[in-house]
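Try each task yourself before you read its solution.

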Amino acid sequence: MNRTRFSFSERDLLPDADAGVLKLQALDGERSSGLALGLGITDDCNLKCPFCYYRQDGSPGKHAAMTPEFLERLLAGLGRVGVIMVGLEGEPLCHPDFGTMMEICSRHADSTVLITNGLLLSPDKVRVLNELRVSSVILSCDAVTPETYARLRPGGSLERFSENAKYLAAMCHARISVHSVVSDINWPELRAMPGFARSLGISCLSMTQLRNNEWSRLNGIRRASPAVIREFTAAVCREAEKCGTVIAFDYLYTPPGDRDWMRETVADFRSAEADLSPSCAAPWTGVSVLSDGRVFPCCGDIEPVMPESLTFDGIFNCKALLKLRQMLSGREVPEVCRKCLSGGQP
Ligand code: SF4
């Protein structure tokens, strides 16, 4: 993975005495830590999206798949977690043992969430999701016309997505939602996403803005301008209200300088909400592990690191997370976080 390569050097990392106060506590027995664990179970993907944050070098990846044995060891070391979110890095439905991996996750977490492009869903896979009581399925879709879908999701088709999404909405007991990445390419048509999702039987949407990255730049896809985002946000909220669709804008949708207008905008709509927390809580609420076993400290621009051990401390209190917690506890927002919160702008 070629991120923006922010990484901590050993010199930056904390001495043990300081680290203690920043540690999250492991719980004994069957009590849940309440923490979130993201999992990339494979870096294989059936698509080659031109804005993919995980493929900034345009490579096809390492075709790495986490094994069920590794996952059992990892989760046994962590204790019970609040939620496991399967679907970073690659397409989880490409994993050859998808059902086994989800079954292991469901035994170790209070709830499980699947994030997928939806194109490889089948009645068998939906049956697995129901049997395991997966609590939520998030479908990634950033277009409502076949042309834009083909541009943003090469290798996929909007027709197939729509068929699968309709089937999922009708047959799966989990909460189903559509997640879209807004960019300068798709914002005009994403105003119609609430009605499109409704036509599939889905009434929950979430949105984020594109994070500028080398791969998206190379492919001519950029963030929409702040003025466009304001116009778009009000329009899509109006549409959501009209269609009876709930719409949520995530933490990274609104850069820090835009929080006031965002607060005013969503206040006008009963069905819209935005995460406008004053500071990033990611390093205190969870962490992710990628298919090759590396820890990805947050959803930002930090290089993944190899864990020191497959234990609660090795994952939820790894040195990179302790450092991030220390930096975010200070007066100044660290540079890596400033860049992350502004969507990858230097
Ligand atoms: S880089 Fe900083 S702001 Fe971004 S997700 Fe990580 S901790 Fe949060």
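**Exercise 1.** In which sense do strand 2 and strand 3 pair, and over how many bridges?

*Solution.* Keep in mind that you're looking at a predicted model. Start by finding strand 2 at residues 81-86 and strand 3 at residues 109-116. Next, compare their directions: they pair in the parallel sense, over five bridges. To get your bearings, look at Ile-84, which stands opposite Thr-112 in strand 3. Now trace the chain between the two strands: it passes through helix 3 (residues 98-108), and this β-α-β crossover is right-handed.

**Exercise 2.** Which residue in strand 4 stands opposite Leu-114?

*Solution.* First find strand 4, residues 136-140, which pairs with strand 3 in the parallel sense over four bridges. Then look across from Leu-114, and you land on Val-137. Finally, follow the chain from strand 3 to strand 4: it goes through helix 4 (residues 123-131), in a β-α-β crossover that is right-handed.

**Exercise 3.** Which helix gives the most to the shell around the ligand?

*Solution.* Begin with the residues that surround the ligand, among them Cys-280, Ala-282, Pro-283, Val-336, Cys-337, Cys-340 and Leu-341. Then check the helices: helix 12 (282-285) and helix 15 (335-341) each supply at least two residues of the shell. Helix 15 gives the most, with four residues.

**Exercise 4.** How do the residues of the shell divide into nonpolar, polar and charged?

*Solution.* Sort the shell by type and you get ten nonpolar residues, one polar and one charged. Cys counts as nonpolar here, while Gly counts as polar and Asp as charged. Gly-300 and Asp-301 are both part of the shell, so that's the polar one and the charged one sorted.

Methods:
Residues are numbered from 1 along each chain as its sequence is written. This is a predicted model: local features need pLDDT of at least 70, side-chain atom pairs count only at pLDDT 80 or more; totals for chains, interfaces and linings use all residues. Two strands pair if DSSP finds at least two bridges between them. A crossover is right-handed if, with the strands pointing away from the viewer, the path from the first strand over the helix to the second runs clockwise. A residue is near a molecule or strand if its C-beta atom, placed from the backbone, lies within 6 Å of it.
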